[in-house]
Amino acid sequence: MNEAQYLETVAELFSLLTDRVELADHEQLFDVDCVPGIVTITAPSGKQFVINQHLPTKQIWVSSPISGAGHFAFDSSKSIWVNSSGHELCEVLKSDLLSYGLTIS
């Protein structure tokens, strides 16, 4: 994946993630902030999920109050972001956000 493809793929993922969190947050308890290259989701408790692009490695780096820090690389054969343990980024985030009562579809 070249740099332009990486940036486009990340932008699409971040837009989708932001949309899904906002749709799932019926009571508008979570604050979702998306700036180029970074999505920050603040739970009602004040705890934050920070998801950011890391261009030098072409990875997505995540800081979660539930699962901690993680690095996810794009698996082009499956078109998903996975960590070194094989866990999918979207599934990790869904599980972590569920701990705060937010169900992402």
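Let us begin with Gln 59, which lies in strand β4. Helices (H or I, at least four residues) and strands (E, at least two) are DSSP runs, numbered from the N terminus. Before going on, keep in mind that this is a predicted model, in which local features need pLDDT of at least 70 and side-chain atom pairs count only at pLDDT 80 or more, while totals for chains, interfaces and linings use all residues. Residues are numbered from 1 along each chain as its sequence is written, and side-chain values use heavy atoms, with hydrogens and water left out.

Which residues does Gln 59 meet, leaving aside its neighbours within four places in sequence? Contact here means heavy atoms within 4.5 Å, and by that rule Gln 59 is in contact with Tyr 6, Asn 52, Gln 53, His 54, His 71, Phe 72, Ala 73 and Trp 81. Phe 74 is 15 residues from Gln 59 along the chain, and their C-alpha atoms are separated by 7.1 Å.

Two names in that contact list, Tyr 6 and Trp 81, lead us to the aromatic rings. The structure holds 3 aromatic pairs. Rings of Phe, Tyr and Trp (its six-membered ring) pair if their centres lie within 6.5 Å; planes under 30 degrees apart count as stacked, over 60 as edge-to-face and the rest as tilted. The ring centres of Tyr 6 and Trp 81 are 6.1 Å apart and their planes stand at 75 degrees, so this pair is edge-to-face. It links distant parts of the chain, with Tyr 6 in helix α1 and Trp 81 in strand β6, 75 residues apart. Both Tyr 6 and Trp 81 are buried; buried means under 20% relative accessible area, exposed over 50%, and partly exposed in between (1.4 Å probe, protein chains only).

Take Ile 60 as an example: not counting residues up to four places away in sequence, Ile 60 touches Val 10, Leu 13, Phe 14, Ile 51, Asn 52, Gly 70, His 71, Phe 72, Trp 81 and Leu 89.

Now look at Val 39, in strand β2. Val 39 has 0% relative accessibility and so counts as buried. Beyond residues up to four places away in sequence, Val 39 touches Phe 14, Leu 17, Thr 18, Asp 33, Cys 34, Phe 49, Val 50 and Ile 51. Thr 18 lies in helix α1 and is buried as well, with a relative accessible area of 10%.

Let us turn to the loops. Gln 28 sits in the loop between α1 and β1 (31–35) and is exposed, with a relative accessible area of 70%. Although Gln 28 is not a glycine, its phi is positive, about 50 degrees. Ser 79, in the loop between β5 (68–75) and β6, is not a glycine either and has a positive phi of about 55 degrees.

Finally, what is the volume of the largest pocket? It is about 260 Å³. On a 1 Å grid over the protein atoms alone, a pocket is an open set of points where a 1.4 Å probe fits, with protein on both sides within 12 Å along at least five of seven lines; lining residues have an atom within 4 Å of a point. Grid points are joined across faces, edges and corners, and a volume is the space filled by probe spheres set on the points. This pocket is lined by 16 residues, of which Leu 13, Leu 16, Arg 20, Glu 88 and Cys 90 lie nearest its centre. The largest share of the lining, 6 residues, comes from α1.
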